[in-house]
Amino acid sequence: MTSTLSLTRPLLFTNASNLLRRNCLATFSFSASFSSDSLHQKKWRQPVSSLLELGGVSIGKHDVVRDDPTNNVPDSIFSKLGMQLHQRDNHPLGILKNEIYNYFDTNYSNKFTKFDDLSPIVSVKENFDDVLVPEDHVSRSYNDTYYIDSQTVLRCHTSAHQAELLRRGYTQFLVTGDVYRRDSIDSTHYPVFHQMEGVRVFSLNDWEASGTDGTSLAADDLKKCLEGLARHLFGAVEMRWVDTYFPFTNPSFELEIFFQEKWLEVLGCGVMEQEILKRSDKENNVAWAFGLGLERLAMVLFDIPDIRLFWSADERFTSQFSKGKLGVKFKSFSKFPPCYKDISFWINDSFTENNLCEVVRGIAGDLVEEVKLIDSFTNKKKGMTSHCYRIAYRSMERSLTDEEINDLQWNVREQVQSKLKVVLR
């Protein structure tokens, strides 16, 4: 079977094999008080704001980074709140979002209500329970999700707003926003990314008029809608539907397209579980839902090789994109070589790679390109396991000095030892 091109975060829905990991969730703003120009003048690690206007509610640092035993949100994540990449018309993510909006406005006569400024601070109930994520699911762990306190998180997916919007009476809507997950470090993974979710609800009259049952009507309408969206974005491409499993839809599907000589997973979708509708006071309805990752598609459409570039304020990046111009191919401007540093240590029972990456990101920020396990062995006599990780440091905008890299690595070693309680080798 031809392999599927893997790019970046799963969409709103992911394949069943990934369902046991944190990124198996359904995916489905805030007005920043700064400009791109002012950002360009700031140092790369400086927080952009300490107070944001978020959906009409003032959000301060203490609202996100708290002295609470369950809080695991670092300053580096708080500094991303309010960046609003998906609301910038000249940014690849904003361009893609607006193009998807154009498709729905044209084909559904502006019937889809759009939300792109909902607060990313949500309850555990909204983020997990309302979309039927099991209580023992690994995605609920502190290793995978950013907890503000035991009952509040930074949303892992835009589906966190699904139930509330249904209860408020919305029956056709799109939700776009930044989402947050603790994860590995490489060119396609970042702890903040952007998703879009779409939902459409049908009534009894709808499927009676169609001469079929509600589930069949919703599934057929969903596929027709998303095939049209794929053609709108990618042109006349070959497509295929793959049956899959998600806890929040039944039946469930993934849409793949054959693009640039590879099969590319575009999105996940399905007919919404009746339990979600029942809890949202719509038990006599059926609905479909889909979700897609904006970075995932934008990296393909714009030929952007590294997910960190979406956060760049360098004019050599930002000046290449213009409002309404989808698919302009990115021209690389960085020829700076990476610098590799290795770190080896004996792990303990509580060690996770996500925690390691969180420590490295907290120190090096976007100067860290990749953290990769290159060696692992177990000393059976001592009953201990050693890991060796290779850290790649590289700026896409400037040359890094030896002194700077050595300082970063020294700090990484100190913090890994003190925070993760491992024994360096």
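A residue is termed buried under 20% relative accessible area, exposed over 50%, and partly exposed in between, with a 1.4 Å probe and protein chains only. The model is predicted: local features need pLDDT of at least 70 and side-chain atom pairs count only at pLDDT 80 or more, while totals for chains, interfaces and linings use all residues. Residues are numbered from 1 along each chain as its sequence is written, and side-chain values use heavy atoms, with hydrogens and water left out.

**Exercise 1. Lys 421**

Determine whether Lys 421 is buried or exposed, and locate it in the chain.

Solution. Step one: the relative accessible area of Lys 421 is 62%, so this residue is exposed. Step two: Lys 421 lies in the loop between H13 and S18; such helices (H or I, at least four residues) and strands (E, at least two) are DSSP runs, numbered from the N terminus. Step three: the phi of Lys 421 is positive, near 60 degrees, although the residue is other than glycine.

**Exercise 2. Helix H12**

Solution. Step three: nine of the 12 residues are buried, so H12 is largely enclosed by the rest of the structure. Among them are Leu 356, Cys 357, Glu 358 and Arg 361. Step five: just after H12, Gly 365 adopts a positive phi of about 55 degrees.

**Exercise 3. The sheet around S17**

Solution. Step one: two strands pair if DSSP finds at least two bridges between them. Step five: S16 and S17 form a hairpin with four residues between them, and Gly 383 in the turn has a positive phi of about 70 degrees. Step six: seven of the 10 residues of S17 are buried, so this strand is largely enclosed by the rest of the structure.

**Exercise 4. Arg 181**

Identify the nearest side chain of opposite charge to Arg 181, and the backbone oxygen that the Arg 181 side chain reaches.

Solution. Step one: Arg 181 is found in the loop between strand S9 (172-180) and strand S10 (192-202). Step two: Lys and Arg count as positive and Asp and Glu as negative, whereas His and the chain ends are not counted. Step three: a salt bridge requires a side-chain nitrogen of Lys or Arg within 4 Å of a carboxyl oxygen of Asp or Glu. Step four: Arg 181 is buried yet has no salt bridge, and the nearest side chain of opposite charge, Asp 183, is 6.4 Å away. Step five: the Arg 181 side chain reaches the backbone oxygen of Cys 156 at 2.9 Å.

Conventions. A polar contact is a pair of N or O atoms within 3.5 Å; within protein, one must be able to donate a hydrogen and the other to accept it, and residues adjacent in sequence count only if both atoms are side-chain atoms.
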